[in-house]
Amino acid sequence: MKERIDKILSSQNIASRSEIKSMIRSKRITADGALVQRPDEKFDPDITSFAVDGKTVEFSRFVYIMMNKPAGVLSASTDRHAKTVIDLLPPEMQRRDLFPAGRLDKDTVGFILITNDGGLAHKMLSPKSHVYKLYEVQCDRPLTDRDADAFAEGIKIGELECQPAQMRITGSNSALVEICEGKFHQIKRMFHALGAEVTALKRIRIGEVTLDETLEQGEARYLNSQEIIDILSRKHGI
Ligand code: URA
């Protein structure tokens, strides 16, 4: 499918869309050896070879976007009534095939990965892959070592047994929790099972990639090539 050259190249994390536009004006970009004249020229990236300053750009069909999700927004691609994380993406990042890899509740904030790579999303979400996600949790009561022990043993949510998880108390009513499963409302239900209600929840890490704190809520940026590897890391510990 043909797309604008400035959009194609900015999705490859080479430079921002406005920088690409100025590179085109400075005659630094070629497509199949011919100078690109305008940022709105369209090409099929699957069959076109692009170069910047004579250096070939390795094109990847997949994109990986880190968003700092705000509260009140759905982790879905589309919704008839509510705003979704995809709606929040700026126009230059929009593409038809994007989806959020996994769900954060409407009131949960923090790191959500948006991609068009179903294979990576599946690996990141499958508990068998042991990709850990780290959350900052605020509760309505002080937390104790007994709570941390219960997490380490494995909490039962009704009939569901959660895998042993690490919970570290960081303040009287706050903790860090690391899980590699993604059961529905899992963190809230784990605390509820211990008689505590979660009052605020923020995801701050997936695999070995930490939420970029320079992103304001609702902002997004492309992952760099190291982060694309690190997002599937099995290393964990808090
Ligand atoms: N656990 C929850 O309860 N909610 C989330 O959004 C993520 C993990």
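1. Across the interface of domain 1 and domain 2 in this predicted model, one residue pair is in polar contact, with both residues at pLDDT 80 or more. The number of salt bridges between domain 1 and domain 2 is zero.

2. The domain assignment places domain 1 at residues 3–57 and domain 2 at residues 64–230. Five residues from domain 1 and seven residues from domain 2 make up the contact. Taken over C-alpha atoms, the centres of domain 1 and domain 2 are 35 Å apart.

3. Domain 1 and domain 2 bury about 520 Å² between them, and carbon and sulfur atoms contribute 43% of that area. On the domain 1 side, the most area is lost to domain 2 by Lys7, Ser11 and Asn13, which together account for 63% of what that side buries.

4. A separate point concerns helix α4. This helix spans residues 118–125, and its residues Leu120, Ala121 and Met124 are buried.

5. Which elements cover the buried residues of α4? Among them are the strands β7 (64–69), β8 (99–100), β9 (109–115), β10 (133–139) and β15 (198–206), together with helix α7 (225–230).

6. At the start of α4, Asp117 places a side-chain oxygen within 3.1 Å of the backbone nitrogen of Gly119.

Note on methods. Residues numbered from 1 in each chain as written. Predicted model: local features only at pLDDT ≥ 70, side-chain atom pairs only at ≥ 80, totals over all residues. Heavy atoms only, no water. Buried < 20%, exposed > 50% of the residue type's maximum accessible area, 1.4 Å probe, protein only. Helix = DSSP H or I, 4+ residues; strand = E, 2+ residues; numbered from the N terminus. Contact = heavy atoms within 4.5 Å. Polar contact = N/O pair within 3.5 Å; in protein donor to acceptor, adjacent residues only side chain to side chain. Domains from an automatic or database assignment. Buried area = accessible area lost by both parts, 1.4 Å probe. Salt bridge = Lys/Arg side-chain N within 4 Å of Asp/Glu carboxyl O.
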